Amino acid sequence: MQILIVGGTKFIGPPVVRRLVAMGHDVTIFHRGKTKAELPDRVRQIVGDRAQLPEFRSEFEKIAPHVVLDTILYSNKDAQLTMDTFKGIAKRVVAISSMDVYRAYGIMLGLESGSIEPVPLTEASDLRSAFYPFKNFPVTPLEGASADYEKIFVEQVIMKDGALPGTIVRLPMIYGEGDPLNRFLPYLKRMDDNRPAIVLEEGIAQWRGPWGYVENVAAAIALAVTNDRAIGRIYHIAEPENPSELERVSKIGEISGWDGKVIAISREKLPEGWNIPFNTAQHWSVDSSRIRQELGYHEVVPPDEAIQKTIDWTRSRASQEISPFAAPGLLDYATEDAILSQL
């Protein structure tokens, strides 16, 4: 099968490319040429900006991709450009989306009012009515995403065109080698510093959200790309279990060899600066059974191995910069010691 990927050189892209090539497919990537990625030699590369997609239409016609996987759709304009460019060329478009489309995400961020959404979320759960979730963020969690970022609108454009069928894959929080947010670092650094305990605010300690290891997410995306049963379908990609943050951090500690413990502390006992600025009563856990049942997906890397690989990669990194989206106070050891001394 001929597959064209828009993007494909950053965190998730290379594992997807390698997976598709290993499955025997012919892969071409269209990218800006600004990120060097380790890809199989047989992968064809076309350099260009996604805003220039229509200018490459004749080249795309020569490739005649069966499926186009677009990994960098952030707005309805992006999505419409993709559909307009590949209509009459490709047989299907697979779009990368996010679990942030749900009303539960809006409630969690304080963008939506009303009752808590039931979890686990399914592909049919209510979507946000408050759009553009990053418009007031000083820094967005996705590189390249601007104030007009809205995956809900992306999905609507991809799925409404009868002439060019679509598939949507909604991704979780992803960890693993190459993670641009370095999600393990705030906890692993404390473990490697031999801290006796890690303090979590009670709400965040019990909060549950969707996670996925990058190689496993890539394997699931590859199935959605190559299986025609995915036409017109929306899929969650996430681990089958949705552990609490306390359970997740404790597991990282266990596998890393840390002998400390994770402690949940009520919000009123924590400094004001350590308050978590979202509604932890709204969980974000999801049901990923649809892609497992319909496409036969299963994790190709076992959970403990995935965590170990991520620990090894995190420890090997020269940069130890903490993501601005990490929980506040994580490396304030003096304050943490004062809290622990009063327990």
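Which residues touch the most other members of the largest nonpolar core? The legends below start there. The model shown is predicted.

**View 1. The largest nonpolar core holds 71 residues.** Ile5, Val169 and Ile221 touch the most other members. Helix α8, residues 214-226, gives the largest share of this core, with nine residues. A separate, second core has 23 residues. Leu4, Phe30, Phe60 and Leu164 are among them.

**View 2. Ile221 has contacts with residues from other parts of the sequence.** Neighbours within four places in sequence are left aside here.

**View 3. Helix α11 runs from residue 303 to 316.** How far apart are its end C-alpha atoms? They are 20 Å apart. The 14 residues, at 1.5 Å a residue, should span 20 Å, so the two values agree.

**View 4. Helix α11 has buried residues along one face.** They are Ala306, Ile307, Thr310, Ile311, Trp313 and Thr314. Seen down the helix axis, the buried residues of α11 fall within an arc of 165 degrees, so they line one face. An α-helix has 3.6 residues a turn, so residues three or four places apart point the same way. What covers the buried residues of α11? The cover includes strands β7 (173-175) and β9 (211-213). It also includes helices α6 (185-192) and α9 (245-256).

**View 5. Helices α9 and α11 pack with their axes 10 Å apart.** The angle between them is about 75 degrees. That makes α9 roughly perpendicular to α11, because angles of 65 to 115 degrees count as such. From α9, the residues that meet α11 are Lys251, Ile252, Ile255 and Ser256. From α11, they are Asp304, Ile307, Gln308, Ile311 and Arg315. Two of these, Ile307 and Ile311, are buried.

**View 6. Asp41 sits in the loop between β2 (26-31) and β3 (44-47).** Is Asp41 buried or exposed? Its relative accessibility is 82%, so Asp41 counts as exposed. Asp41 and Glu215 are 174 residues apart along the chain. Their C-alpha atoms are separated by 20 Å.

**View 7. Asp78 lies in helix α3, residues 76-86.** The relative accessible area of Asp78 is 17%, so this residue is buried. The cut-off for buried is under 20%. Asp78 touches Arg50, Ile72 and Leu73, not counting residues up to four places away in sequence.

Terms used. Residues numbered from 1 in each chain as written. Predicted model: local features only at pLDDT ≥ 70, side-chain atom pairs only at ≥ 80, totals over all residues. Heavy atoms only, no water. Core = buried A, V, L, I, M, F, W, Y, C linked by side-chain atoms within 4.5 Å. Buried < 20%, exposed > 50% of the residue type's maximum accessible area, 1.4 Å probe, protein only. Helix = DSSP H or I, 4+ residues; strand = E, 2+ residues; numbered from the N terminus. Contact = heavy atoms within 4.5 Å. Expected span 1.5 Å × (residues − 1). Arc of directions from axis to C-beta. Axes fitted to C-alpha atoms, helices over the stretch in contact; angles between N-to-C directions. Parallel < 35°, antiparallel > 145°, perpendicular 65-115°, else oblique.
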